[in-house]
Amino acid sequence: MTHQSSSIIIERAPSPAGSSAPASQLLPRLGSRKQTDPAQNEIFKEKQQSTPPARHARNSTVHKSDEKYQSGEGARYITRKAALRKLQLTLRDFRTLCIVKGIYPREPKHRRRAQQGKTGIQTLYLKKDIQFLMHEPIIWKIREKKVHLKRIKRARSMKDYSMAKRYASTVPVIEIDHIIKERYPTFIDALRDLDDCLTLCFMFAALPRRKTIPSYLIALCRRLTLEFMHVVIASRALRHVFVSIKGIYYQVEFRGQTITWLVSHNFGFDPRDASEVDFRTMTTFVEFYSTMLGFVNFRLYHIMNLNYPPQLQGYTTEELENELIDDRVSLSDRVAALNIPLRSAGVSGEAAADEIELDQFPMSEDAEVADEARQKYEETKNLKTLFNGMRVFLNREVPREMLVFVLRCCGAEVSWDTSIFPGECLFNEDDESITHQIVDRPSIDKQYISRYYVQPQWIFDSLNARKLLPVEKYFIGVPLPPHLSPFSHEYRTHRYVPPEEKALKDDSYVLKEDIPIDETDLLDEDESPNVDDMIDNESDGEVPVDTEKNEKVQNMEVKKGETYRANKSKERKDYKQMHQLKEKMIRRKYRNLYKSMMQGCRGREKEIKLLKYKRRLHERRRFEEKKAAMKAQHVAALM
């Protein structure tokens, strides 16, 4: 209801002459009611009773702001500052908690609505995610740890070192085992999320010691990656390898799940500034991923019936953990351990996997799918024994760890020079039973006739092709063929296929290395058929009895046909009009999706044309260089 508030009127009355009263007594008191006429009060009461009470207007400015953003995107999101205030955590602890729990910022569809009308760009989270974090027991562990560190700091400031030492030995440890089980309820879920885990752990395993990175974390990553490589070798689960500028891409398969990760090249480490690389955030990720990788390794070892921790020949678990402290010994032991088989707890999983055979069922409906699955199974089975019976010796200049891992995954025996690299070497360089020697130099002084000297690319190309490629193209000093990526066909169907890949897939395809332009297609033009040669000059037979038919036959004659030439411009125009009519029939909610799909197709077509153009330029340049070299040889022979 609206009320008329009585105003306080302060009037300065002139003081009478000779009056000694103070001015405060002449003024009315603040808060005192104004003296009004009783008749006026009665009129005011009647008006107040006659007028109905005014309702609150819903569209008033006061209540509109209260009811706005109570639903929709305004009530669904929360800013990071509000989340910190709600959880009572610092920004560092909040980041750690979000990384461990898998909470990340979200991008709203309408940012201004999500930010409740505020301009600018703010970091937004879902409210339900923040409410989910409020019930996490790790928050109390973080607070307990912070209080414990303050006690240690206080004891050191008071120079009570015995108390500080006692506090340091009882620092609360934050365990995230329950979070691993919560985020990955099944083993398949953990395998699906193992790509980033392996990439980061392999990267930290190759880092040197720094102040920003805990030394125990580097040793832990080295041990876990070593265990994972051992179980891949034991199960022979390697499927693809690709060497690029970034590093080496590996792809393995466990329980029907493909896992792809990247291992950097073994180069010198260039330390970066803290402003360029945030090692603190990366360390938090590695602490989570190392716990996860430990769970995965434990499960894989038990599936393969192997002892965990792995028991290597000549090394115990305690000796291996002690030797991993030293960088030089850990690297040598890591590669040397890959050459030693693991000690199994019973029947090895590898032998059990070899006994499995696919059943044959008569399938009339999905015969093609069954044939494709059987063909894939046969390729995988042959890949596991691709290098069986091979004894490979690695020269000193090749990357040993990568080659030992790939060769042993396919059944080969590998060794190297003991004077250069320590470890368990099965045979020396002068052994006559060596079948292949991997060399990465233009020439070698002493060679044996009983073995092939090939470059390292032969191993990767043979593994990706699922067969042993001819070694003539990979001899010492021979220009290598292009190293093709085995991952290109998995995510893109409409793409450019180089001639080398066509030759690998189709044995009948022949590479035209000496012809820069497809001139053979121009030479084999289809000529129009000669109609005169097709005329049948058979003799006339007996005259039929029917006179009408006889007249038609007499009036028939053979004329020279004309070649039909299609109007291509008209056909293109008709096709375009028909295509536009089809596009108009698309529903409105699917038009944006269709536009994005067509834009992607146009981009891929443009990329294919560009790659074909570059290929033609490359072949023409190579042809001209070869022609100039042959001309120079001819001139030199004449002189």
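**Exercises on backbone and surface features**

At 16% relative accessibility, Arg-236 is classed as buried. The exercises below concern a predicted model.

**Exercise 1.** Determine where Arg-236 lies and whether Arg-236 is buried or exposed.

*Solution.* Step 1: Arg-236 belongs to the loop that joins helix H14 (215–235) to strand S3 (238–243). Step 2: its phi is positive, about 55 degrees, although Arg-236 is not a glycine. Step 3: buried means under 20% relative accessible area. The value for Arg-236 is 16%, so this residue counts as buried.

**Exercise 2.** Identify the form of the peptide bond from Tyr-308 to Pro-309 and locate Pro-309.

*Solution.* Step 1: the omega of this bond is near 0 degrees, and the bond is cis. Step 2: Pro-309 is placed in the loop between helix H15 (279–303) and helix H16 (317–323).

**Exercise 3.** Name the residues of the nonpolar surface patch of about 310 Å² and classify Met-597 by its accessibility.

*Solution.* Step 1: the patch is formed by Tyr-590, Leu-593 and Met-597. Step 2: Met-597 is part of helix H27 (residues 591–638). Step 3: Met-597 has 48% relative accessibility and so counts as partly exposed.

Terms used. Residues numbered from 1 in each chain as written. Predicted model: local features only at pLDDT ≥ 70, side-chain atom pairs only at ≥ 80, totals over all residues. Heavy atoms only, no water. Patch = residues over 30% accessible without salt bridge, like charges linked within 9 Å, V, L, I, M, F, W, Y side chains within 5 Å. Areas by Shrake-Rupley, 256 points an atom, 1.4 Å probe, with all protein chains shown as cover. Salt bridge = Lys/Arg side-chain N within 4 Å of Asp/Glu carboxyl O. Helix = DSSP H or I, 4+ residues; strand = E, 2+ residues; numbered from the N terminus. Buried < 20%, exposed > 50% of the residue type's maximum accessible area, 1.4 Å probe, protein only.
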